[in-house]
Amino acid sequence: MTTLTQYLNNHSTNTAVNETIATITEVGKTIAQLLRRGALADILGEAGNQNVQGEEQKKLDVLANDLLLDALASNAHCAGVASEELDNSTPAHADGSLLVLFDPLDGSSNIDINMAVGTIFSILPYQRQGQISVDKDFLQAGNQQLAAGYLLYGTSTMLALTIANDVAMFSLDPDSGDYVLIEEKIQIDADTSEYSINSSNYRYWRAPMQQYIDELIDGEAGVRGRDFNTRWVAAMVGDVHRILCRGGLFTYPFDTKYAHKAGKLRLMYEANPMSLLIERAGGGATDAVNRILDIEPNDIHQRVPVVLGSKNEVAYVKDLHLQHAAK
Ligand code: AFP
């Protein structure tokens, strides 16, 4: 049995990264305990205000955010924090070597219905040690991440983590309080017959995405020559976890529903960490055409269309988009 601490010591010599992952995953235990108590812990329902995204904040959005902020404020390696729930980044220790970004509670709409939610985190290098960090310091492409992962608060609490070239999966042992390694080199199949998309937005998608989904629905009788299945957790962590477990394609594509938003998912603390996990597990991650990890950000809350998962399926979506662009 290998614990998270042992895994980190065996696979990473970066003490700052290791200790910061430990800080984040310890908070994950507290969030998991609160979720276990659910309605009994007075964590359900609205917090009564909106975040920078214009979304109604749930009580647990705010609580998870505050728990992570407080814990990272005590971590001398952390020079600054950016969160989905905060308008701007929060400076921490100017001499720290790392920047931490997170979606503290992904899948908030699932909290009140007792469905899967999670925490997504990304760790970037801090390039101006000794200076107070500002938003601009966080604007680094996803290919600069030193580590990334998520906590999934499901029937059990699980941690997916990449700190080097591998993707490892851990399960929280509620008795010992240890995250126990259950798989150390996750690889996902290049092909799949399972996809995830919120189909209610069909009328807002661009033509290539409409064509792609039409082909999947046509199944064996159509050009794909096989039937497909669909799943939609409404929490990216849940859909990405399923893909790490058995392959698949997840997409939240560009839509004209909120034209100025270019899709729903945020680049810095959702798409980038999840893309690093998926690519290192042998999958692909694009904005439909371009590699997400190569996108140079211009705002810590910028949104990006996302297509990720089994490599050949992600490539198929890209080809369709290129074919349409060539018309
Ligand atoms: P919330 O955290 O606001 O519930 O959003 C979750 C999310 O960003 C992502 O985790 C889901 O895949 C996606 O939004 C669900 O979007 P829909 O509500 O449109 O299904």
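Predicted model: local features only at pLDDT ≥ 70, side-chain atom pairs only at ≥ 80, totals over all residues.
Local features were considered at pLDDT of at least 70 and side-chain atom pairs only at pLDDT 80 or more, whereas totals for chains, interfaces and linings use all residues. Residues are numbered from 1 along each chain as its sequence is written, and side-chain values rest on heavy atoms, with hydrogens and water left out.

The ligand sits in the largest pocket, a pocket being an open set of points, on a 1 Å grid over the protein atoms alone, where a 1.4 Å probe fits, with protein on both sides within 12 Å along at least five of seven lines; a molecule is assigned to a pocket if more than half of its atoms lie within 2 Å of the grid points. The ligand is surrounded by 15 residues, of which Asp106, Gly107, Ser108, Met236 and Tyr252 are the closest (a heavy atom within 4 Å). Of the 470 Å² that the ligand exposes when taken alone, the protein buries 87% (Shrake-Rupley method, 1.4 Å probe).

Tyr252 also belongs to the surroundings of asparagine 201, which is in contact with Tyr252, Asp255 and Lys257 when neighbours within four places in sequence are left aside (contact meaning heavy atoms within 4.5 Å). Asparagine 201 is placed in the loop between strand E11 (194-196) and helix H5 (207-218), where helices are DSSP runs of H or I of at least four residues and strands are E runs of at least two, numbered from the N terminus. Asparagine 201 counts as buried because its relative accessible area is 2% (buried, under 20%; exposed, over 50%; partly exposed, in between; 1.4 Å probe, protein chains only).

Valine 233, in the loop between strand E12 (229-230) and helix H6 (236-246), is partly exposed because its relative accessible area is 26%. Beyond four places in sequence, valine 233 is in contact with Asn110, Ala116, Gly238, Asp239 and Arg242; alanine 116, although 117 residues away in sequence, lies 7.5 Å from valine 233, C-alpha to C-alpha.

Serine 156 is found in the loop between strands E7 (147-153) and E8 (157-162) and, at 28% relative accessibility, is likewise partly exposed. Residues up to four places away not being counted, serine 156 touches Arg36 and Ser171, while its C-alpha atom is separated by 34 Å from that of tyrosine 316, 160 residues apart along the chain.

Note on methods:
1 Å grid on protein atoms, 1.4 Å probe; cavity = no way out; pocket = protein on both sides within 12 Å on 5 of 7 lines; lining within 4 Å.
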